[in-house]
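Dear colleague,

Please find below the structure that I am handing over to you. My notes on what was found in it follow directly after.

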Amino acid sequence: MRRRRAIWKVIWPLALIPSTGAPAQGPSPDERARQTEQQMTDDERFSLLISLMGAVPSIGVPRDKRIPPEVGNMSAGYTPGIPRLGVPALQSSDASMGVTNPGYRPDDKGATAFPASIAVGSSFNPKLAREGGAAIGREARSRGFNIQLAGGINLHRDVRNGRNFEYYSEDPLVSAVLGAEAVNGIQGEGVISTLKHYTLNCNETNRHWLDAIIDPAAHRESDLLAFQIAIERSQPGAIMSGYNKVNGEYLSGNRYLLNEVLKGAWGYKGYGMSDWGAVPEWDYALKGLDQESGIQMDVKQWGAEAFTDRLKKAYAEGKLPKERLSDMVRRILRSAYAVGIDQWGPAPTVDLAKHNEIALEIARQGIVVLKNDGVLPLPTDKPLKIGVIGGYAQLGVPSGTGSGAVLPVGGFAATLNIGGAHGFMGAARNLYLMPSAPLTELKKLLPQAQIEFDGGYMPLESAFLARRSDLVIAFGIRVEGEGFDLPDMSLPWGQDALIDAVAAANPNTIVVLETGNPVSMPWRSKVKAIVQAWYPGQAGGQAIAEVLTGKVNPSGRLPITFPASLAQTPRPKLPGIETPWGTPTTVRYDEGAEVGYRWYAQQGIKPLYAFGYGLSYTRFSYKNLKVKGGETITATFTVTNTGKRAGADVPQVYLTGIGETKRMRLLGFERVELEPGESKEVTVSADPRLLAHFDGNAGQWRITGGSHKVALGKAADALMLTAQTTLQPRLFGR
Ligand code: BGC
């Protein structure tokens, strides 16, 4: 009998479900959560407040709390259900770019490995972000995962951050809109999604001992605004807090950020979960944390007794009020009911070919052409001698590393352990190559060409190939990932010297960069074209070949500013980067809300490539910019494709000043697809918070009235049309 009940727990989530995953009509999720919670014993309540990590089932976990062996689909998190009350087991898996199980399940057959979130950011395409999310949601659900640890929306504040590839952009609006659509896609499939890592988890260096200092009002206008808008647009079931401290308080127990801002000012109704190994104290429960994730990690990381045991003690001693215990439980249940994870029907069938198409389309739209001195697109009908050099282009395309790395169906083309990284993510510092080899794909699309490959092992050998070729395509790659920041902006393994040698041997050199961040490109003036492909996912090789040959007209735009050097950035030196893992470190984000392009505009610095920049094989012109003021700014304008090919543009509307004060804010954008000669009228209406300052004393947003300057641009530093309008002064929102 006991065994039958245990199995029931496991199959539970798959047992009951309408096919849409939509919550059934009836009492509201809040009401249902209240009713269920009321019927629980305290032991049942406590059982929902933790998750176990599938990867390390035994470390420090008492036998009765281990994951039952029948649970086949272990991944990041497991919380037993309460079958007598119809509460399903909670099973979570990473991450934003597909369903992962890195190292957790030897039997794992892989999943669709989507391009990095920074590539989704470059697409500036919310619809595509949603399609990707829906595909990830279906794959999660088909494996019995009812929580997807997706929605990474930290802002790119530092080009050395190892995890920038997991995040969309440096801009709060772009990050919020794309992150929200990914969450909507996932939750539309009946799977809870997180938004993470709340908030200002913008560097990996010593992340568990890192104190990130920021002015609270500036925080509201930047990283917190991204979360606020994304939460409003997608109602994620859970918010995962980050590892570091903000202004002296760890994020999982940051009373101001969790209780006052998230749940207080914003009225968030879901639950706050910790990151794995981020809860050293039980009283985080009083400060706003609702669920501790991967309890073994805390035992290991902090040598702490299990959270629930400490919570139970605090409860018995009257330190944890009953009302708060109930609130924690109700929040978890509310999200379960609101998303419908208790309503699942049969597992959806997953169309892997369709998901590959979505991954391919994201890669296509995410690739950004940075430089093109007329060499692209490559002619497909000429018998050119082409040298392809470096980047393991004969094998595949790289991916970022850490908990977000997705094993593609059929496995990686190759894995190379780099070693030397810090902490528990050290072992995960691998070069993973996805089996979509650019070399193979180029050969398919350039049947007339004679293509020769050189691995880039010795620069002189590569230069020999470059010299005997009509043109060269050189690949530059870098492994970036969770648990470490990059020390600088260079390419590793001598690739900058390699590209330099190749470009010296043949001026017709095209460089394709597969990185998760901007790199310095010391060889930039010597090459004819530069293509930023990011980590383009399992169909990435094909997308790169299609862009190079013009089968696809590039439309990606930079979601992060490319500085000319670290000296241009707010922190030329990154605190803690030289120290051993575990060194207490303080990072001051003194740029405040002036992140990325806002910083460059404020400082009057011209970066190498600006936010929003990207080339096309056609041209676009803008006219008729009309701007309306009042409560917010609404801009209307016309975009025309004046070239000879169909293509997509991403016009961007910026606030550039209030009165005589410079203030740069992206107010809106739209990806517009146009046939040659075609025009389209676009209207963009600004979220008023982007026009406001956060008034810390009032706890509200304040628009100073008067004259506001607006510009329509192709990039943050390429403003084509300008206008001015007047706003009414007002105090609003929270
Ligand atoms: C990461 C999270 C991830 C979690 C579970 C942590 O190391 O920071 O993003 O969801 O692990 O794997």
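Predicted model: local features only at pLDDT ≥ 70, side-chain atom pairs only at ≥ 80, totals over all residues.

In general, the strands of a sheet pair through backbone hydrogen bonds, and they may do so in parallel or antiparallel fashion.

The pairing of β21 (residues 634-641) with β26 is antiparallel and comprises 7 bridges. Within this pairing, Val639 stands opposite Lys680 of β26.

The loop between β20 and β21 contains Thr632. Is this residue buried or exposed? Thr632 counts as buried because its relative accessibility is 17%, and the cut-off for that class is under 20%.

The side chain of Thr632 reaches the backbone oxygen of Ala686 at a distance of 2.7 Å. Apart from neighbours within four places in sequence, the residues in contact with Thr632 are Ser685, Ala686, Asp687, Pro688, Leu691 and Leu727.

**The β23-β24 hairpin**

Strands β23 and β24 form a hairpin with 2 residues between them. In the turn, Gly659 has a positive phi of about 60°. The two strands run antiparallel, and 6 bridges join β23 (residues 652-658) to β24. Ile658 has Thr661 in β24 as its bridge partner. Strand β24 (residues 661-669) is mostly covered, with 7 of its 9 residues buried.

**The largest nonpolar core**

The largest nonpolar core holds 213 residues. Which of them touch the most other members? They are Tyr198, Ile473, Met521 and Leu548. Helix α6 (residues 172-187) supplies the largest share of this core, namely 9 residues.

For Met521, the individual neighbours can be listed as well. Leaving out residues up to four places away in sequence, Met521 touches Leu370, Leu513, Ile530, Phe562, Leu608 and Tyr609.

**Where to begin**

The hairpin of β23 and β24 and the core residue Met521 could follow.

With kind regards

Note on methods
Residues numbered from 1 in each chain as written. Heavy atoms only, no water. Buried < 20%, exposed > 50% of the residue type's maximum accessible area, 1.4 Å probe, protein only. Helix = DSSP H or I, 4+ residues; strand = E, 2+ residues; numbered from the N terminus. Pairing = 2+ DSSP bridges. Core = buried A, V, L, I, M, F, W, Y, C linked by side-chain atoms within 4.5 Å. Contact = heavy atoms within 4.5 Å. Polar contact = N/O pair within 3.5 Å; in protein donor to acceptor, adjacent residues only side chain to side chain.
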